[in-house]
Amino acid sequence: MNIFLYFDKNTWIHRLDPRTKILGVLIVFGICLCFNHPLYMGAITLGIMMIAISAKALPNFWRLRFILVLLILFSSLLWPFFAKGQTLLWSWGPLQVSKESFLYGIAMGLRLATFVAAGLIFLSTTRNEELTNGLIRMGVPYPIAFALSTALRLVPTFAGAGATIIQAQVSRGLDLESGNIFSRVSKFIPQAVPLFIYAIRHTNLLAMALESKGFSPESKRTLYYEPQMHKRDYAALVFLLGIFGIFIYLRLGLGLGVVMAGRM
Amino acid sequence: MSIAISIEDLTFTYRESERPALQNIQGLIEDGTFIVVMGHGGAGKSSLCCTLNGLIPNFFRGKYQGRVLVKGEEVARHKVAEMSRIVGLVLQDFEAQLFSTNVELEMAFGPENHCLPRSEIERRIQRYLSFVGLEKMRQREPATLSGGQKQRLAIGSVLALEPKVLVMDEPTTDLDPQGREEVLSVAKSIREEGRLLLIVDHEPETAASADQVWLMREGRLIAKGSPAEILVEVSALESCGIKPPPMLELFNAMSWPGNPLTEEAAIAMIRKHNLTKRRELNLTSLSSDNGKGPSILEAEGLGYRYPVYHVEALRGIELRICEGEFIAILGQNGSGKTTLAKHFNGLLKPTSGRMLVRGRPTTNYSHRELARLVGYVFQNPDHQIFARTVQEEVGFSLKALGESPKTIEKRVAEALEVVGLQGYDQKAPFTLTRGERQRVAVASVLAAQPQVVILDEPTTGLDYRHQINMMEMLRRLNQHGHTVIIITHSMWVAAEYAERTILLKDGGILSDGPTRAVFADETRLAEGSLRPPSLVRLSNWLGTQALTVEQMVRELRGED
């Protein structure tokens with residue numbers, strides 16, 4: 001099964017420099033923190049979804065639909081109990097839900113989903129190597145950038161091995177369908193131990209292969225996909241920063257987009 | 001010609017071990033030669049490869065004595081990354097050595113490390129991608145390539161560094177016959193380019209075209225010389241866990257003159273000396289009834305689509321397997337062998353048609369019930385071994401099936417006896433050799449005493465001696481009434497052991513019948529991109545019934 005998120009397409013987002021995309025995602029995170037009113041937050045979510053559509057990243061959203069829906073649902077349901085507002089809607093003993101906290105919960109759900117969405121767009125449009133190269137050019141030391149991208153790279157490999165291991169153990173009568181939480185934990189061992197050993201063996205072989213191909217973390221290397229900042233990159237960053245600036249002004253200067261004062 | 005590699009009295013002991021992995025290795029290799037290294041599992045072949053590019057002693061530490069010089073450079077004094085300019089190393093496991101997200105980046109990785117200018121990297125990508133025949137795959141993700149393509153990419157990515165010496169450690173072991181052919185033809189063109197090529201391989205057929213063959217046993221280099229000198233030493237080959245060339249065995253057993261290594265040479269000699277007459281192969285005498293016992297596995301119009309890609313992996317499979325049969329399932333990677341076998345024990349459920357076990361659809365069984373009827377041994381034993389002791393490992397399925405400790409103990413002892421691992425119960429499975437771990441995996445499935453035992457590639461990664469042990473063990477199981485089904489790439493294993501052969505192609509059955517009949521139809525096999533082993537090809541040419549050297553000797557002497 002392929003659980004890679006990258007789509008090999010050629011949209012304007014794909015063509016952006018990885019550095020622009022990394023910074024862009026960070027700015028979007030900032031933008032998401034500006035408002036806690038669900039209407040304002042919803043507008044931001046909508047904007048991000050438009051970007052997702054133009055990046056042709058929607059299939060990934062479909063694949064992760066359960067996670068996204070759960071995020072929105074859980075924070076909309078749980079936040080209201082922890083934030084305190086003025087207009088009481090419902091109470092039961094110490095539990096209270098106010099109109100403000102209810103709206104705040106929805107906004108938080110949208111915010112979390114938008115965080116994930118921004119990350120998803122990034123991973124759908126950026127090659128692992130581009131991420132590494134972008135980080136290197138941003139001044140991150142090569143060993144760190146390489147470790148990060150290798151970790152991302154190994155997730156699907158290990159997931160594949162994990163699936164095989166589960167099949168092998170189920171064939172031997174391991175019953176994953178029933179049992180209480182304790183017996184389930186004990187069933188975890190026959191899956192986890194072979195996976196750990198596989199991971200150790202695999203990374204060891206990978207290290208051998210890397211060194212044999214002249215890899216050494218300290219020395220300088222050429223980047224075959226040399227990231228290059230174009231006009232469009234600067235334009236995208238200026239645009240995002242502009243929006244961020246305006247939103248900060250709207251929130252701090254005009255006090256708009258707030259259901260709960262004093263909270264992010 | 002100048003000396004490219006010089007190994008001077010090399011002895012190496014890994015840090016964790018007491019026994020030296022390499023002992024007093026001496027050798028000189030000239031520029032541009034093609035060397036094949038052979039030996040049993042654990043003979044030190046991989047260790048030898050690692051000493052040539054410095055992984056030993058710089059990556060694997062231990063006690064290192066003697067010297068290895070490559071192109072005048074003392075390997076141990078250089079970092080592996082520096083040696084990569086002179087020596088390229090390709091590993092057996094092609095999955096682990098590819099990690100880029102597309103083919104061109106994989107090719108660029110080495111040159112990037114050497115800090116070459118981008119125009120030069122571009123040139124090398126083009127040059128070596130077309131060299132390994134993957135120029136059309138440039139933007140593909142390596143994970144989507146076939147096994148042979150992956151290994152060719154791994155070779156290309158090493159060649160992109162333009163090393164003078166190329167070392168390949170069992171590059172074809174994990175491949176199907178077509179992938180093997182692909183890799184060997186790349187090896188041939190590397191040779192024609194005049195690079196020094198050193199390959200570790202099990203097949204005497206590869207070694208037949210080498211300039212030099214080195215035989216290793218228990219860390220020592222016991223013989224080296226031309227193929228004509230080395231490959232005729234049948235007893236030396238066997239002592240190194242190598243399958244002797246069957247033609248040679250046949251000629252020796254028949255006391256015919258000559259030492260042919262290939263079937264073509266054998267045919268030429270038979271013609272020249274008029275050693276025996278060709279006859280008409282009589283296939284009608286082969287009983288076509290496969291009705292040994294009651295039928296146990298039945299597929300009715302079985303079709304399967306993978307949920308994510310909607311790829312049709314199996315279509316319209318009609319199959320009946322009876323108790324007590326010994327079956328080999330053959331076919332290229334991606335032909336649906338494993339997908340079909342996973343239906344037999346209910347790991348996969350058909351998307352159309354039905355899969356019946358003892359007349360009941362697999363959809364009506366629980367996994368536990370099926371685990372008692374149909375055992376499945378996965379290809380890699382390391383995908384299932386987890387326990388601290390062999391006893392616990394083998395008893396796992398019984399415990400999961402809820403047997404009493406007393407029964408477990410008894411059955412574990414029985415299963416260990418069947419696989420020939422008596423007295424291993426308290427050992428830690430991880431410390432065993434690959435062959436032994438494979439047997440532990442088989443024992444752990446046998447312990448539940450399933451009627452049907454399915455094995456995915458039971459002989460891959462084992463040397464000849466262990467392959468024979470494994471297959472003899474399966475034959476004994478079969479004689480005790482178990483139905484044995486093997487999925488295999490090894491043609492001679494199928495020829496010598498399976499009574500019935502099922503050949504798959506693109507998710508359908510291409511042919512199904514007694515092994516002799518399936519192997520007699522070479523055109524049909526070629527359609528499935530397979531070729532019978534050399535002895536069977538000779539047998540087809542002669543028109544004999546024989547599938548093994550022994551049978552052929554008996555038949556030609558007229559004892560049958």
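Good morning. I begin with A:Thr132, which is placed in helix H7 of chain A, residues 128-137; helices (H or I, at least four residues) and strands (E, at least two) are DSSP runs, numbered from the N terminus. Please keep in mind that this is a predicted model, in which local features need pLDDT of at least 70, side-chain atom pairs count only at pLDDT 80 or more, and totals for chains, interfaces and linings use all residues. Residues are numbered from 1 along each chain as its sequence is written, while chains are lettered from A and ligands numbered from 1 in the order in which they are written.

Is A:Thr132 buried or exposed? A:Thr132 is buried because 24 other C-beta atoms lie within 10 Å. The term buried requires 20 or more other C-beta atoms within 10 Å of the residue's own, exposed means 12 or fewer, and partly exposed is in between, with C-beta atoms placed from the backbone. Beyond its neighbours within four places in sequence, A:Thr132 is in contact with A:Ala145, A:Phe146 and A:Ser149; contact means that the C-beta atoms of two residues, placed from the backbone, lie within 7 Å. A:Tyr142 is 10 residues from A:Thr132 in sequence, and their C-alpha atoms are 8.0 Å apart.

Let me turn to chain A as a whole. Chain A has 10 helices and 2 strands, and along the sequence the pattern is α-α-α-α-α-β-β-α-α-α-α-α. Its C-alpha atoms fill a box of roughly 65 × 60 × 30 Å along the principal axes. Of the 264 residues of chain A, 35% count as buried. Among contacts in chain A between residues at least 6 apart in sequence, 77% join residues at least 24 apart.

Next, the interface. The contact between the chains takes 41 residues from chain A and 51 residues from chain B. On the side of chain A that touches chain B, H7, helix H8 (142-171) and helix H9 (181-212) each supply at least two residues. The largest share, 13 residues, comes from H9(A). By class, this side of chain A has 19 nonpolar, 11 polar and 11 charged residues. Here Ala, Val, Leu, Ile, Met, Phe, Trp, Tyr, Cys and Pro count as nonpolar, Asp, Glu, Lys and Arg as charged, and the others, Gly among them, as polar.

I now move to chain B. Its domain assignment gives domain 1 (3-240), domain 2 (245-275 + 533-560) and domain 3 (325-348 + 366-532). The centres of domain 1 and domain 2 of chain B, taken over C-alpha atoms, are separated by 34 Å. In chain B, 7 residues of domain 1 are in contact with 7 residues of domain 2. The domain 1 side of that contact divides into 6 nonpolar, no polar and 1 charged.

Finally, the sheet. Chain B has an open sheet of 6 strands in the order S16-S17-S18-S13-S19-S20, with mixed pairing; two strands pair if DSSP finds at least two bridges between them. The edge strands of chain B, S16 (374-377) and S20 (508-514), each pair on one side only. Strands S16(B) and S17(B) run parallel and are joined by 4 bridges, and B:Val377 has B:Leu455 in S17(B) as its bridge partner. Both faces of S16(B) are covered: B:Val374 and B:Tyr376 on one side, and B:Gly375 and B:Val377 on the other, are all buried.

Strand S13 (residues 326-330) and strand S18 (residues 483-487) of chain B also run parallel, joined by 4 bridges. There, B:Phe326 has B:Val484 in S18(B) as its bridge partner. Thank you.

Technical notes. Domain bounds come from an automatic or database domain assignment.
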